[in-house]
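Me: I'd like to go through this structure with you. Can we start with the ligand?

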Amino acid sequence: MENILPVPQQSSKPGTSTGQQFWHSSDKTIDSYSPVDGKFIARVYASTRADYDRVVETAQAAFLQWRLVPAPKRGDIVRQMGDQFRLYKNDLGRLVSYEMGKSLQEGLGEVQEIIDICDFAVGQSRQLYGLTMHSERPAHRMYEQYHPLGVVGIISAFNFPVAVWSWNAMLAFVCGDVCIWKPSEKTPLTALACQQIIQDVLRNNDVPEGVSCLVTGGRDAGEWLARDPRVALVSATGSTRMGKAVGVAVAERMGRSLLELGGNNAIIVSPHADLDIAIPAIVFGAVGTAGQRCTTTRRLIVHESILPELRTRLARAYAQLHIGDPLEMGIHVGPLIDKEAVTNYQKAITEIRAAGGTFIVEPGVLDGTGYESGCYVKPCVAEARNEWPVVQRETFAPILYVMSYRTIDEAIALQNGVPQGLSSAIFTLNLREAEQFLCVAGSDCGIANVNIGTSGAEIGGAFGGEKETGGGRESGSDAWKAYMRRQTNTLNYGTTMPLAQGITFEL
Ligand code: NAD
């Protein structure tokens, strides 16, 4: 798959596509640089408003045909897409790592997520179930069915540059929808690669042009989708700031939105925890993807009796971390996405110190050989207080805040005491504590785990969070329902017209 691999200084690629065709109509471009070595990878032509309108019109026309294709047949096309991603897993995984900066293993893992959701969606294509109900009226049948929704806009973030698209698109495709993807302006090449990878499947199956579309650009292109009444659902993944803007714009036109926003995830470490399993989960959760996962562990709520031991073990574990080129084997921590992210990391460090925080593991920005891009930072661990503004917000970097608690009620209150509500975990072997954490008065997050960290998720469960995380659910369970419209049907096969609630209406 040579044509998707990064070739420095190669000619510019059009960033607008309706599936089988790619084009550009102006000289507006986006340059993609790798945070790994700071090198220019390639230039992509950004979509203009005219390109966008052409894409929406093509998508609308495609929807009229695609919705008529039986769902299991749509599922078979998604199955073929999954096979293509199996074929190009290595190439795409490397590109993800190089353009975004996550480790090769994580890059490959992200492509595996695409493959997994394709498999899930194939099964789902035969299970778009509605319920049947017993009517209160004689000789009547009542049931509900799910119909395709229309054009689905997908706005995605840089940190999962391809998986998030697939979680949405593969389900939307089997549901009979057509998709317009607006990827992050920081990772346009991985998006182009995905479109190219499925191109043959679209062609070989005579899928109407416009079922899988791509528009590239920055915030403005995302705003076009959010404000466009032709777009039935906008699924937006990114910062809470972005989600608030998109949520309002979509609600104003009575559209549907699915929001997957920032997290501020905590692990409670009880005195009954098995620290041998807790420590690797904490460290991976805090430093994996250089702290740039929505599910990254940002806060550690530790029982005061085990805090001294945890400090020592964390410091020992962090001392073993290798920071460097994420494409090399044995590297645990790659770069941040860009220098702006490094500045945000430094601002947070200054704020922690100003508030009186102390560091168990010291922070720092790396320079010199191997760190020329200027995007490499040291993962750090700070003792902090939950109410500090810096702890209350999500800094997208490997900073772990440690705080202590005395009672489980206090620990749960700390865990819930932030504006975000994505992922949470407790490490304990005590059944009562575990159940309390999961009960109605326990964690308020969309994801709550016991003896598993906060980071990552499995395809089979519904993924998403509460409060400022936006409330959306993607991927498994019944998340497919967001991509369809529900219709309740009542059918009278009798010879009388019984009115509801026994009302008589004499004529
Ligand atoms: P970001 O909000 O800067 O950008 C995300 C996307 O939104 C980009 O495509 C961007 O162009 C677009 N955008 C920005 N402002 C917009 C606006 N006003 N209207 C429409 N579109 C707009 O986020 P980022 O820095 O790329 O990603 C990091 C953030 O994403 C973190 O907060 C992280 O927690 C979150 N995230 C959440 C999930 C989840 O599932 N909850 C998953 C991945 C990332």
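Me: How many residues surround the ligand, and which are the closest?

Reply: 30 residues surround the ligand. The closest are A157, G222, G238, E260 and C294. A residue is near a molecule if its C-beta atom, placed from the backbone, lies within 6 Å of it. This is a predicted model: local features need pLDDT of at least 70, side-chain atom pairs count only at pLDDT 80 or more, and totals for chains, interfaces and linings use all residues. Residues are numbered from 1 along each chain as its sequence is written.

Me: Which helices each supply at least two residues of that shell?

Reply: α7 (219-227) and α8 (240-252) do. α7 gives the most, with 4 residues. Helices here are DSSP runs (H or I, at least four residues), numbered from the N terminus.

Me: How does the shell around the ligand divide by class?

Reply: The shell has 13 nonpolar, 11 polar and 6 charged residues. Ala, Val, Leu, Ile, Met, Phe, Trp, Tyr, Cys and Pro count as nonpolar, Asp, Glu, Lys and Arg as charged, and the others, Gly among them, as polar.

Me: Where does the ligand lie relative to the domains?

Reply: Domain 1 (16-261 + 470-487) and domain 2 (265-462) both give residues to the shell, so the ligand lies between them. The domain bounds come from an automatic or database domain assignment.

Me: Back to α7 and α8. At what angle do they pack?

Reply: About 30 degrees, with their axes 8 Å apart. Axes are lines fitted to C-alpha atoms, for helices over the stretch in contact, and angles run from 0 to 180 degrees between N-to-C directions. α7 and α8 are therefore roughly parallel to each other. Angles under 35 degrees count as roughly parallel, over 145 as roughly antiparallel, 65 to 115 as roughly perpendicular and the rest as oblique.

Me: Which residues make the contact?

Reply: G222, E223, A226 and R227 of α7, with V246, A249 and V250 of α8. Two residues are in contact if their C-beta atoms, placed from the backbone, lie within 7 Å. By class, this contact has 4 nonpolar, 1 polar and 2 charged residues. G222 is also one of the residues closest to the ligand.

Me: New topic. What separates the centres of domain 1 and domain 2?

Reply: 30 Å, taken over C-alpha atoms. In the contact, 26 residues of domain 1 meet 20 residues of domain 2.

Me: Which helices supply the domain 1 side?

Reply: α3 and α4 (104-124) each supply at least two residues. α4 gives the most to that side, with 6. By class, the domain 1 side has 9 nonpolar, 8 polar and 9 charged residues.

Me: What about α4 and α2? How do they cross?

Reply: The axes of α2 (residues 71-87) and α4 come within 8 Å and cross at roughly 160 degrees. That makes α2 roughly antiparallel to α4. The contact of α2 with α4 has 9 nonpolar, 2 polar and 3 charged residues.

Me: And α3, what angle does it make with α6?

Reply: α3 (residues 89-100) and α6 (residues 188-204) pack at about 165 degrees, with their axes 9 Å apart. α3 and α6 are therefore roughly antiparallel to each other.

Me: Which residues meet there?

Reply: L92, L95, V96 and E99 in α3 meet L189, T190, A193 and I197 in α6. They divide into 6 nonpolar, 1 polar and 1 charged.
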